[in-house]
Amino acid sequence: MQNAMNTYLDNIRRVVPYVPGEQPAGKVIKLNTNENPYPPAPAVEEVLRASDADVLRKYPDPTIGALVKELAAEYGVKPSQVFVGVGSDDVIGMAFLTCFAGQKPIAFPDITYSFYNVWAELFRIPYETIPVREDFSVCIDDYDGEKGGIIIANPNAPTSLELSVSSVEELVKRHPECVVVVDEAYVDFGGTSALPLVEKYPNLLVTQTFSKSRSLAGMRIGFAIGQEALIKAISDVKYSYNSYTLNTTAIAAGVASVRDRGYFEKTCAKVVATRERAKERLAELGFSFPDSKTNFIFATHESVPAKTLQEELKKRSIYVRYFAKPRIDNYLRITVGTDEEMEALYSALREIIDQCR
Ligand code: PMP
């Protein structure tokens with residue numbers, strides 16, 4: 001008897017992909033994907049206006065040299081300590097492929113950025129999730145024991161909570177056997193960066209993004225800073241996969257954005273001020289939430305289920321993020337918009353909550 005014939009399907013990789021937040025068309029109040037409500041630095045617009053289509057005949061600089069140099073100067077490190085990629089998703093993906101190549105499971109919180117387990121599955125990296133505490137805090141004692149790697153989003157998403165930089169340092173110190181990646185996508189909204197620790201710890205890699213605090217989600221720019229050996233290893237992997245990652249326009253836009261520190265600081269401060277007001281207003285409406293250090297608030301209501309709120313808001317063209325996942329399925333992740341957008345949110349919420357009474 002002959003076995004059933006194999007088909008091409010037996011050779012196909014099957015994965016369960018990450019599901020990004022909805023990008024609705026048309027005029028809506030979009031508080032569902034943690035974008036910045038303000039435009040990028042004015043110099044970025046200049047770059048776009050002055051761009052010459054003829055330069056696109058040529059490949060972009062594979063080293064992304066101009067932006068690497070700018071970031072190195074901005075963060076006080078050597079260019080050889082900076083890796084730039086197509087959003088921090090690309091950077092973190094490359095970090096998984098490079099830094100988590102051992103046999104031991106890597107570890108990350110059970111409630112965190114839902115791309116981590118997707119990369120682990122894709123790259124066939126064994127992993128374990130460590131439950132965050134009841135109040136959603138990450139406790140580094142829960143990470144004791146030898147690991148193949150650790151990744152922590154700090155502040156964490158979608159919980160919005162920050163782990164102190166001294167705890168981050170302790171974690172890195174306790175795990176010299178592996179690389180600890182600290183994903184700082186939201187750090188610019190009042191968090192404390194672990195970047196100064198990079199000089200001290202060869203096993204620390206810090207990643208950041210231009211998508212939130214620099215209002216450039218559509219341009220796709222992210223970066224990692226670490227010691228030279230680690231950055232070299234990640235670059236080698238990148239050059240083994242796709243040499244030309246950032247396009248010419250993105251490189252120039254990134255440079256322009258970093259050069260305007262004043263605009264960056266002003267915009268972040270505006271988002272933080274709106275967030276602090278949002279905490280008061282949401283509490284008045286009967287919401288509770290962890291103390292956010294990000295550009296979003298992770299909120300649960302005392303009487304109305306999160307799913308109902310999300311659906312009712314959507315009917316009113318207000319989009320917020322809902323995750324149908326254990327432990328967090330009664331929470332909404334609400335991105336901080338402009339003051340005007342937030343006022344529209346509060347009125348809609350008040351109406352919905354009154355209706356449900
Ligand atoms: N890390 C975290 C924690 C995030 O929430 C996001 C945004 N989805 C990213 C990384 C990736 O952002 P980007 O690729 O736009 O830099």
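So, a polar contact here means a pair of N or O atoms within 3.5 Å; within protein, one of them must be able to donate a hydrogen and the other to accept it, and residues adjacent in sequence count only if both atoms are side-chain atoms. With that in hand, a polar side-chain atom of Tyr-113 sits 3.1 Å from a nitrogen atom of the ligand.

Quick housekeeping. What you see is a predicted model, where local features need pLDDT of at least 70, side-chain atom pairs count only at pLDDT 80 or more, and totals for chains, interfaces and linings use all residues. Numbering runs from 1 along each chain as its sequence is written, and side-chain values use heavy atoms, with hydrogens and water left out.

Back to the ligand. Tyr-186 puts a polar side-chain atom 2.7 Å from one of the ligand's oxygen atoms. Asp-89 does it with a backbone N or O atom, at 2.9 Å from a ligand oxygen. How much of the ligand does the protein bury? Taken alone the ligand exposes 400 Å², and 91% of that is buried by the protein; those areas come from the Shrake-Rupley method with a 1.4 Å probe, and for residues only the protein chains shown count as cover.

Who's around it? The ligand has 13 residues surrounding it, and the closest are Ser-88, Asp-183, Tyr-186, Thr-209 and Ser-211; to be near, a residue needs a heavy atom within 4 Å. Helix 3, residues 87–99, gives the most to that shell, with 4 residues. Helices are DSSP runs of H or I with at least four residues, strands are E runs of at least two, and both are numbered from the N terminus.

Now the aromatics: there are 19 aromatic pairs in the structure. Rings of Phe, Tyr and Trp (its six-membered ring) pair if their centres lie within 6.5 Å, with planes under 30 degrees apart called stacked, over 60 edge-to-face, and the rest tilted. Take Phe-136 and Tyr-331: their centres are 5.2 Å apart and their planes at 70°, so that pair is edge-to-face. Phe-136 is in the loop between strands 4 and 5, and Tyr-331 in the loop between strands 11 and 12, so the pair ties together parts 195 residues apart in sequence.

Last, some backbone. Most peptide bonds are trans, and most residues other than glycine have a negative phi. Asn-154 and Pro-155 are joined by a cis peptide bond, omega about -5°, and Ala-157 and Pro-158 by a cis one too, omega about 5°. Pro-155 is in the loop between strand 5 and helix 5, and that's also where Pro-158 is. Asn-34 has a positive phi, near 55°.
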